[in-house]
Amino acid sequence: MIPYATDAPIYHWPKATVALIVVNTLVFGFTIGLTDEQITPWLLTYGDGLHPLQWVSSLFLHAGLMHLIGNMIFLWSFGLVVEGKVGSLVFLAVYLGIGVAQSAVEQVLFLGLDGGASLGASGVIYGLLAMCLVWAPRNEFSCLVFWRFMPSVWEVPILWFALLYIGMEVLGVVRFGASPSGALAHLLGAVIGFPLAVLMLKGGLVNCENWDLFAVLQGRQGRSKAKASLMLAKKKAPRFGGWSSTKGKKRPEEAVTTSPQDRAADVLGRLQRLAAQGDADATLAAYRKARDLPAWSPSERDLMDLIKPLLVQRAWSAATPLMRDYIQRFPDQGDRMRLKLAQVLIRNQDRPTNALRVLAEIGALPAQLDALRLQLIRQ
């Protein structure tokens, strides 16, 4: 499963990632033909004391062409996410910091060995993967997968991708124990990268727009803690039956008996009021509940009236689920909505991979709209 792209928001071009790939490749070219005696001083050696220079030099050495290519592919994909959030200078500091820390710990662990060495950027790359897990668990990697020797492309959530790859290294360490191995080096990098990502997130050094691992686990992705608490309070408030509090006194509410159609109409009216008032989070939460109602079947116009205020308010995260629902419910009228959804995904949510999939579903269009479709594909 080879990652090559991501739909995570990228706010900085991956200049440092590309530079690191170039440097690693050049160093590999320079080391071709060197003897063991010439290259050993630059490896991370075991049982020969501490050598801080090796903590850096060993990161740029690789054991063969496939070792280099594999590491650089993964560095590209993970670097897109991490550097895309923090920029080139911070990314370089993070990259070298994880590499130096992982190499130092590894060399200390094996001070008692009689020889041996390691090399490569794999430990750093696993540290970057752990940071992707903390910062963008709900985003996806586009992965080339060979199943029964046939290539295909899968969109894999970063959460599951990271758990799979890091989990395999945990199993490797359990199998081989605390002995020199690629699994231990990889796991050390992940163990260093994870708390570093948490510290940078909590310290305000990176903005994940409340789509980080903690927001996802707490069910407040895309929302602030204050809004999430308010929504939770609304969910817990009594609606029909039971007891409610009025000026400190409890009284039984009147029983409410309505047909499913009336109930659906009441909910639609409430949704329209929430959308008009600009409460995007509450609108989305109420809409998701409304879809479970037996008689929920809004008309094309009703659904459009909910979507338009959200777009005016630039509440993209709330609008896109309703736009997708519109396309699913009204496929014959959905091409214009697909165009608008693709615009939002590209220009406002930095999710071009998803936008291309939406654009691919569009059929024949009038000339003016087809020109917009081609423009979005180029963009």
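Q: Which residues is Thr320 in contact with, leaving aside its neighbours within four places in sequence?
A: In this predicted model, Thr320 is in contact with Leu341, Val344 and Gln349 once those neighbours are left aside, where contact means heavy atoms within 4.5 Å.

Q: And where does Thr320 lie, and is it buried or exposed?
A: Thr320 lies in helix 14, residues 316-329, and it is buried, with a relative accessible area of 8%. Buried means under 20% relative accessible area, exposed means over 50%, and partly exposed is in between, with a 1.4 Å probe and protein chains only. Helices (H or I, at least four residues) and strands (E, at least two) are DSSP runs, numbered from the N terminus.

Q: How should I read the numbers and the model itself?
A: Residues are numbered from 1 along each chain as its sequence is written, and side-chain values use heavy atoms, with hydrogens and water left out. As this is a predicted model, local features need pLDDT of at least 70 and side-chain atom pairs count only at pLDDT 80 or more, while totals for chains, interfaces and linings use all residues.

Q: OK, on to helix 17: which of its residues are buried?
A: Leu369, Arg373 and Leu376 are buried in helix 17, and what covers the buried residues of this helix includes helix 15 (335-347) and helix 16 (352-360).

Q: What about the other side of helix 17?
A: There, Ala367, Gln368 and Arg378 are exposed.

Q: What does Phe214 touch, apart from residues up to four places away in sequence?
A: Phe214, which has its place in helix 9 (residues 213-217), touches Val134, Val198, Leu201 and Lys202. At 22% relative accessibility, Phe214 counts as partly exposed.

Q: How far apart are Phe214 and Trp135 in sequence and in space?
A: Phe214 and Trp135 are 79 residues apart in sequence and 9.0 Å apart in space, going from C-alpha to C-alpha.

Q: Now the sheet: in what order do its strands come?
A: The three strands form an open sheet in the order 1-4-5, and their pairing is antiparallel; two strands pair if DSSP finds at least two bridges between them. The edge strands are strand 1 (2-6) and strand 5 (150-157), each of which pairs on one side only.

Q: How many bridges join strand 4 to strand 5?
A: Eight bridges join strand 4, residues 140-147, to strand 5, and Cys143 stands opposite Trp154 in strand 5.
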